[in-house]
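Visitor: Hi! I'm new to this one and would like a friendly tour. Could you show it to me?

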Amino acid sequence: MPDTDIAPRILQIIAKSKGLPVEAVTPASTFDELEIDSLDKINLTFEVEEIFDITIADDSLNSLRTVQDVITGVQTLLAAKQQPGA
Amino acid sequence: MQIASVGTAFPPHRYTQTQIAEALVERWKDKLPEPRLLTRLHANCGVDFRHTVFPLDHYPSLQGFKATNDEWITAAVSLGQQAIQAALAPLGLTAADISAIFFASVTGIASPTIDARLINLMPFPTHVKRTPIFGLGCVAGAAGIARASDYLRAFPKEIVLLLSVELCSLTWQDDDQSIANLISTGLFGDGCAAVILAGDEVILPTQPASTPKILATRSTFYRHTEHIMGWDIRDTGFRIVLSPDVPKVVLENLRGDVDAFLASQSLTLADIGSWIFHSGGPKVLEATENALSLPPGALALSWKSLREVGNLSAASVLCVLEDTLKNHPGAPGTYSILAAMGPAFCLELVLLQW
């Protein structure tokens with residue numbers, strides 16, 4: 001998936017999971033602003049893993065504070081997957 | 001009166017958070033629709049290590065309330081004795097010097113109580129006054145100090161013991177794969193703490209260099225919040241009640257209650273030099289930092305205790321107190337707040353001066 005497609009897809013996933021219009025979610029949105037609690041965050045990571053076919057480390061969730069953190073994390077994991085030998 | 005010393009004791013088995021998660025996934029492999037939900041919740045509890053009464057592979061053999069509670073009694077007596085000795089020895093005291101015992105736990109029950117069993121093992125006076133406390137949960141460490149200080153206001157020549165033993169691993173429920181229980185099995189650990197408090201007219205054989213005096217305490221009860229936290233007691237034992245609303249209650253109430261308490265002592269938040277808080281969990285500690293607008297690192301000892309031993313219910317704030325007394329005492333004249341919240345929901349605040 002091209003890098004440019006990742007952010008809009010993640011915005012859609014988060015908006016849908018919280019029942020919000022997609023315009024209400026931006027990369028700068030914090031989880032606190034979107035009222036995403038710990039459990040929402042865990043459910044979100046399961047969904048993101050399935051859609052992007054990646055594995056997110058269990059202990060990385062506390063470092064996710066904004067939507068941009070998720071976008072950056074997914075981009076990094078997808079890039080690592082495309083490395084030779086990955 | 002002063003808080004003269006704190007002693008702690010832990011069971012011999014210590015595991016990483018990952019080892020405990022793996023053991024529970026194996027134990028519940030036929031019951032967990034998504035095992036990674038457990039490992040992911042455990043990995044985000046802010047806990048790195050915990051002590052357990054038994055090796056992890058022994059727990060599946062403990063079935064039913066009687067078996068686990070019998071083990072709780074045996075372990076509580078053993079750990080209690082160790083913690084009391086650790087608290088008394090540096091002061092040059094023995095159990096014979098104690099006039100009253102406050103015993104707090106919410107992870108097991110006994111009658112005669114654990115304090116009574118300890119009197120048969122240690123040279124406590126036969127006229128020692130006993131106050132066993134069950135059900136206050138996480139707030140009981142702070143509330144125990146507050147009730148012990150109430151006692152010492154009446155009896156300033158006496159020395160009292162507060163003992164808390166919490167063996168949370170003995171409350172794990174095989175038939176509960178709720179989110180609350182998955183979090184609970186990731187957050188709570190086993191441990192014990194004993195605190196020695198001395199009245200204003202007591203001269204200790206060995207006076208520690210720096211101890212805090214208790215200036216004031218305040219209990220606050222939040223009406224109609226019974227659903228927030230507690231036990232749903234069943235034939236199999238203690239099933240956890242743990243609402244995701246706990247941080248919300250902290251955010252909505254803590255600041256106002258701390259401000260009002262300090263105002264009653266002609267103080268403000270700016271006068272408080274250090275905070276000795278119950279290590280409730282990441283969300284509770286973050287909510288506390290936000291509610292009180294605390295500077296970075298203000299709750300460092302609570303976070304450290306959470307990482308190293310998990311949430312020990314009533315004993316947690318006493319472990320943070322031990323670390324404060326031994327390694328981070330306040331400068332003479334400065335103030336500290338010792339605090340915990342727990343089932344009811346409720347708050348206990350204790351104002352200390354070094």
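Guide: Let's begin with B:Val160, which touches B:Ile98, B:Ser99, B:Ala100, B:Phe102, B:Ala148, B:Tyr151, B:Leu152 and B:Leu197, leaving out residues up to four places away in sequence. Two residues are in contact if their C-beta atoms, placed from the backbone, lie within 7 Å. This is a predicted model, where local features need pLDDT of at least 70 and side-chain atom pairs count only at pLDDT 80 or more, while totals for chains, interfaces and linings use all residues. Residues are numbered from 1 along each chain as its sequence is written, and chains are lettered from A and ligands numbered from 1 in the order in which they are written.

Visitor: Which residues touch the most other members of the largest nonpolar core?

Guide: They are B:Ala142, B:Val160, B:Val195, B:Ile196, B:Leu197, B:Leu338 and B:Val350, in a core of 110 residues. A nonpolar core is a set of buried Ala, Val, Leu, Ile, Met, Phe, Trp, Tyr and Cys residues joined through C-beta atoms within 7 Å. Another core, of 10 residues, lies apart from it and includes A:Ile10, A:Val48, A:Ile56 and A:Val70.

Visitor: And B:Leu161, is that buried or exposed?

Guide: B:Leu161 counts as buried because 28 other C-beta atoms lie within 10 Å. The cut-offs are 20 or more other C-beta atoms within 10 Å for buried, 12 or fewer for exposed, and partly exposed in between, with C-beta atoms placed from the backbone. B:Leu161 sits in strand E6 (residues 159-167) of chain B. Helices (H or I, at least four residues) and strands (E, at least two) are DSSP runs, numbered from the N terminus.

Visitor: What does B:Leu161 touch?

Guide: Leaving out residues up to four places away in sequence, B:Leu161 touches B:Ile84, B:Ile98, B:Ile101, B:Ala194 and B:Ile196.

Visitor: New topic: how many residues does each chain bring to the contact?

Guide: Chain B brings 10 residues and chain A brings 8. On the chain B side, helix H2 (35-43) and helix H8 (282-291) each supply at least two residues. H2(B) gives the largest share of that side, 5 residues. The side of chain B that touches chain A has 6 nonpolar, 2 polar and 2 charged residues. Here Ala, Val, Leu, Ile, Met, Phe, Trp, Tyr, Cys and Pro count as nonpolar, Asp, Glu, Lys and Arg as charged, and the others, Gly among them, as polar.

Visitor: How many residues of helix H6 of chain B are buried?

Guide: In H6(B) (residues 179-187), 7 of the 9 residues are buried. Among them are B:Leu182, B:Ile183 and B:Leu187. Their cover includes helix H1 (17-27), H2 and strand E10 (237-242) of chain B.

Visitor: What about helix H9 of chain B, which residues are buried there?

Guide: In H9(B) (residues 300-309), the buried ones are B:Leu301, B:Ser302, B:Ser305, B:Leu306 and B:Val309. They lie on the same side of H9(B), because they cover an arc of only 140° around the axis. The arc is that of the directions from the helix axis to the C-beta atoms.

Visitor: At what angle do H9(B) and H10(B) pack?

Guide: The angle is about 115°, and their axes are 9 Å apart. Axes are lines fitted to C-alpha atoms, for helices over the stretch in contact, and angles run from 0 to 180 degrees between N-to-C directions. The residues in this contact include B:Leu301 and B:Val309 of H9(B) and B:Cys319 and B:Val320 of H10(B). By type, the contact of H9(B) with H10(B) divides into 4 nonpolar, 4 polar and 1 charged.

Visitor: Which peptide bonds are cis?

Guide: The bond from B:Ser111 to B:Pro112 is cis, with omega near 5°. B:Pro112 is in the loop between strand E4 (100-105) and helix H4 (114-119) of chain B. The bond from B:Ala344 to B:Phe345 is cis too, with omega near -5°.

Visitor: Last one: where is A:Glu35?

Guide: A:Glu35 is in the loop between helix H1 (3-18) and helix H2 (38-52) of chain A. Its phi is near 55°, a positive value in a residue other than glycine. A:Glu35 is exposed, as 9 other C-beta atoms lie within 10 Å.
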